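This report describes the fold and side-chain packing of one protein model. Please read it alongside the sequence and the coordinates.

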Amino acid sequence: MRNEVPPGWTLVQRPPALFRRFEFASYAQTRGFLDALATLSERTGLYPDLSFGPRHVNVTIHGDAGPPGEQAYEYALSASAAAAP
């Protein structure tokens, strides 16, 4: 398992998860990011918990019966890249 939490993400202890809040300047950017996450989830088979508003998206990636594994860290890195301007 990775030891380094991806930049901008927080490793939550209880329950074990990776968390990050993404903020956007417009609803259109938020919608584009949500679409990118949907594509990423379909490709990886990993479906994190999402909550969102017009200009933000909270992403929580839970571990399977323990801390988040390699797939969760890779998803986090890909999500961060999808949010980059």
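This is a predicted model: local features need pLDDT of at least 70, side-chain atom pairs count only at pLDDT 80 or more; totals for chains, interfaces and linings use all residues.

Residues are numbered from 1 along each chain as its sequence is written, and side-chain values use heavy atoms, with hydrogens and water left out.

## The sheet

Helices (H or I, at least four residues) and strands (E, at least two) are DSSP runs, numbered from the N terminus. Four strands form an open sheet in the order β1-β2-β4-β3, with antiparallel pairing; two strands pair if DSSP finds at least two bridges between them. The edges are taken by β1 (10-12) and β3, each of which has a single partner strand, so one side of each is left without a neighbour in the sheet. From one strand to the next, the twist averages 20 degrees.

β1 and β2 run antiparallel and are joined by three bridges; Thr10 has Phe19 in β2 as its bridge partner. β3 and β4 are also antiparallel, pairing over five bridges, and they form a hairpin with two residues between them. Here Phe52 has Val57 in β4 as its bridge partner.

## The helices on the sheet

Helix α1 (residues 27-44) has 18 residues. Its first and last C-alpha atoms are 25 Å apart, close to the 26 Å expected at 1.5 Å a residue, where the expected span is 1.5 Å times one less than the number of residues. Just after α1, Gly45 takes a positive phi of about 75 degrees.

The buried residues of α1 are Thr30, Phe33, Leu34, Leu37, Leu40 and Ser41. They cover an arc of only 120 degrees around the axis, which puts them on the same side of α1; the arc is that of the directions from the helix axis to the C-beta atoms. Buried means under 20% relative accessible area, exposed over 50%, and partly exposed in between (1.4 Å probe, protein chains only). On the face turned away from the buried side, α1 carries the exposed residues Ala28, Glu42 and Arg43.

The cover over the buried residues of α1 includes β2 (17-23), β3 (49-53), β4 (56-62) and α2 (70-83), where contact means heavy atoms within 4.5 Å. α1 lies across β2, β3 and β4 and runs at about 20 degrees to β4. α2 packs on the sheet as well, touching β1, β2 and β4, and its direction makes about 5 degrees with that of β2. For these angles, axes are lines fitted to C-alpha atoms, for helices over the stretch in contact, and angles run from 0 to 180 degrees between N-to-C directions.

## Aromatic side chains

Three aromatic pairs are found in a search of the whole structure. Rings of Phe, Tyr and Trp (its six-membered ring) pair if their centres lie within 6.5 Å; planes under 30 degrees apart count as stacked, over 60 as edge-to-face and the rest as tilted. Two of the pairs involve Phe33 and are listed here.

| Pair | Centre to centre | Angle between planes | Class |
|---|---|---|---|
| Phe22 and Phe33 | 4.7 Å | 45 degrees | tilted |
| Phe24 and Phe33 | 5.2 Å | 40 degrees | tilted |

Phe22 lies in strand β2 and Phe33 in helix α1, so their pair ties together parts that are 11 residues apart in sequence. Phe22 counts as buried at 3% relative accessibility, and Phe33 is buried with a relative accessible area of 2%. Phe24 is buried too. Ring pairs link Trp9, Phe22, Phe24 and Phe33 into a cluster.
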